[in-house]
Amino acid sequence: ASRMPPTLQRLAMAPVITSLSSRKVAVIGAGAAGLVAARELRREGHKVVVFERDDKVGGTWIYSPNVESDQLGLDPSRTIVHSSLYDSLRTNLPRESMGFRDYPFVVKDGKERDPRRFPGHPEVLLYLDDFARDFELTELVRFGTEVFHVGLVEEGKWPKWVVKSRRRIRNDQESIPIDLDEVFDGVVVCNGHYTEPRVAEIPGIDAWPGKQMHSHNYRIPELFQDKVVALIGSSASAVDISRDIARVAKEVHIASRSVTDGTMGKQPGYNNMWLHSMIESAHEDGTVIFQDGSSVLVDVILHCTGYTYHFPFLKTNDIVTVDDNRVGPLYKHVFPPFFAPWISFIGLTWKVIPFPMFELQSKWVAGVLSGRIALQSQDEMLEDVKAFYSTLDADGLPKRYTHNMSDYQFEYNDWLAAQCGCPPSEEWRKKMYYATGKNRVARPETYRDEWEDQHLVLQAQEDFIQYSP
Ligand code: FAD
């Protein structure tokens, strides 16, 4: 702490909250994380302002047919489209497990509703709309307002945060920016992490003459009609998109880092889809060579290679950084020890069931900010972070896996729940998560319509009765 500028040292020394307090808190983003954060903060008695650059709530779940001017998504001056959804997307989690803990994602009547267990993306947006409406959250949101600076200011007894935001008012000819500076006690960052693409490095790519794009800008398969496509990646999106494209493309060649022997080569059920190891190089004559030795003349390389965390507005003197996609140092993926509890992050984890985890993280943040829940000391938090990073190192995991939680999400949720005095994760939800994972691997084509965990659906529905209006 001694290397910190004086303002930060004062923040680090700030007195521990001893009585329940209502804070003025800014939430950045009105996606699933920002909405549930706003609800929990208000429930705890805080004054909440949600900043949202879009005109609607829902974040990722607001589908846009538009794509960015730079389809690789690397040009910082491009006009940003937030959502990475493609037209055909259906959820990869069953609705029972996906919903917030106390606001189940149940089937609703209505012409536009999608009753399927793994519904299409519009149904998730409708669910989030319902959530915002039922908890009267929309009134907390400043729509069309982008946060471009969050930094420390001295004000009163100890430092606070200035949030600078820009709202654009459109008249007939132009769009006029209106900037506002406002001071808050706390800031909760909920800006999502599926918008800034990460692309694969391919030797020789600069001379390769074909077209490249990132899955962030993939919407419909028609553009790939009769094309030869090399698709890099093996995530849930990569699996879906490769199958979407194979319906119209001439050939789809999937390059995957995690390919296992025996699965390579032509894919069962397809006469135009092959699985390869990674791309070794790309060449001026249009060919792409894979590490398995095969060489293919390719029209398009589609990077389904994930995203990078991006907080262009956050000015923390490099005390919170993004290093090889590790946001850190962060205590339990939420609080940077130096700024706790005045800055927090909701929703950084991946390979999880997002909504219920956002809900628990938000309860924790809200309770710590009011002083109802005690937080470990700064030194204890830093020790915990150090120990966590050491276990990742010992397991040989690169920094970019820091927020990957597949193996311990329920343990983590239960830890959060205990902090907040809430019941642990429901047994059916855990079992359903693993059953779905197994089914997805066994039946990638049909897992959304055929399953064997109907008994868990019944258990979930029984559990949901307590939340029905
Ligand atoms: P987002 O939904 O991205 O919301 C962030 C919000 O912040 C946006 O509204 C954005 O406009 C706003 N914002 C960003 N920067 C600023 C700023 N500077 N100022 C003001 N506002 C700002 N999850 C599931 O549970 N099930 C699924 O099946 C599933 N499928 C997915 C498929 C795809 C292709 C992707 C990309 C994700 C999927 N997810 C799924 C995960 C999904 O990201 C989460 O469910 C969840 O929507 C994330 O919510 P969020 O609030 O963290 O972020």
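Predicted model: local features only at pLDDT ≥ 70, side-chain atom pairs only at ≥ 80, totals over all residues.
The parallel sheet comes first. Five strands form an open sheet in the order E3-E2-E1-E7-E19, and their pairing is parallel. Strand E3 (141-142) and strand E19 (343-345) are the edge strands, each pairing on one side only. Strand E2 (residues 47-51) joins E3 in the parallel sense through two bridges. Within this pair, valine 50 has valine 141 of E3 as its bridge partner. Helix H2 lies across strand E1 (24-28), E2 and strand E7 (186-189). The direction of H2 is at about 170° to E2.

H2 also takes part in the ligand shell. The ligand is surrounded by 32 residues. The closest are Gly29, Gly31, Ala33, Gly59 and Gly192. Three elements each supply at least two residues of the shell: helix H2 (32-43), strand E4 (145-153) and helix H6 (354-370). H2 gives the most, with three residues. By residue class, the shell holds 15 nonpolar, 13 polar and four charged residues.

H6 and helix H8 (residues 409-420) meet at an angle of about 30°, and their axes lie 9 Å apart. The crossing is left-handed. On the H6 side, the contact is made by Pro356, Met357, Leu360, Gln361, Lys363, Trp364 and Gly367. These residues meet Gln409, Asn413, Leu416, Ala417, Gln419 and Cys420 in H8. The contact of H6 with H8 comprises seven nonpolar residues, five polar and one charged.

A further helix pair is formed by H9 and H10. The axes of helix H9 (residues 427-442) and helix H10 (residues 454-464) come within 10 Å and cross at roughly 145°. H9 passes H10 in a left-handed crossing. Trp428, Lys431, Met432 and Ala435 are the H9 residues in the contact. Their counterparts in H10 are Leu456, Gln459, Ala460 and Asp463. Five residues of this contact of H9 with H10 are nonpolar, one is polar and two are charged.

Strand E10 (residues 251-255) is an enclosed element. Five of its five residues are buried, so E10 is largely enclosed by the rest of the structure. Glu251, His253 and Ala255 point one way from the strand. Val252 and Ile254 point the other way. Both sets are buried. Strand E9 (residues 228-232) runs parallel to E10, and five bridges join the two. One of the bridge pairs links isoleucine 232 to alanine 255 in E10.

An antiparallel sheet is also present. Three strands form this open sheet in the order E13-E14-E15. Strand E13 (279-282) and strand E15 (295-297) are at the edges, and each pairs on one side only. From one strand to the next, the twist averages 25°. E13 and strand E14 (residues 287-290) pair in the antiparallel sense over three bridges. Here alanine 282 has valine 288 in E14 as its bridge partner.

The loop between strand E18 (326-328) and E19 contains proline 329. Proline 341 is also placed in the loop between E18 and E19. The peptide bond from glycine 328 to proline 329 is cis, with omega near -5°. A cis peptide bond also joins alanine 340 and proline 341, with omega about -5°.

Positive phi angles occur at two aspartates. Aspartate 226 is not a glycine, yet its phi is positive at about 60°. This residue is found in the loop between strand E8 (211-214) and E9. Aspartate 226 counts as exposed because it has 9 C-beta neighbours inside 10 Å, the cut-off for exposure being 12 or fewer. Aspartate 318 likewise is not a glycine, and its positive phi is about 65°. The position of aspartate 318 is in the loop between strand E16 (300-303) and strand E17 (321-323). With 6 C-beta neighbours inside 10 Å, aspartate 318 also counts as exposed.

Terms used. Residues numbered from 1 in each chain as written. Pairing = 2+ DSSP bridges. Helix = DSSP H or I, 4+ residues; strand = E, 2+ residues; numbered from the N terminus. Axes fitted to C-alpha atoms, helices over the stretch in contact; angles between N-to-C directions. Near = placed C-beta within 6 Å. Nonpolar A, V, L, I, M, F, W, Y, C, P; charged D, E, K, R; others polar. Left-handed = near helix turned anticlockwise from the far one by under 90°. Contact = placed C-beta atoms within 7 Å. Buried ≥ 20, exposed ≤ 12 C-beta atoms within 10 Å, placed from the backbone.
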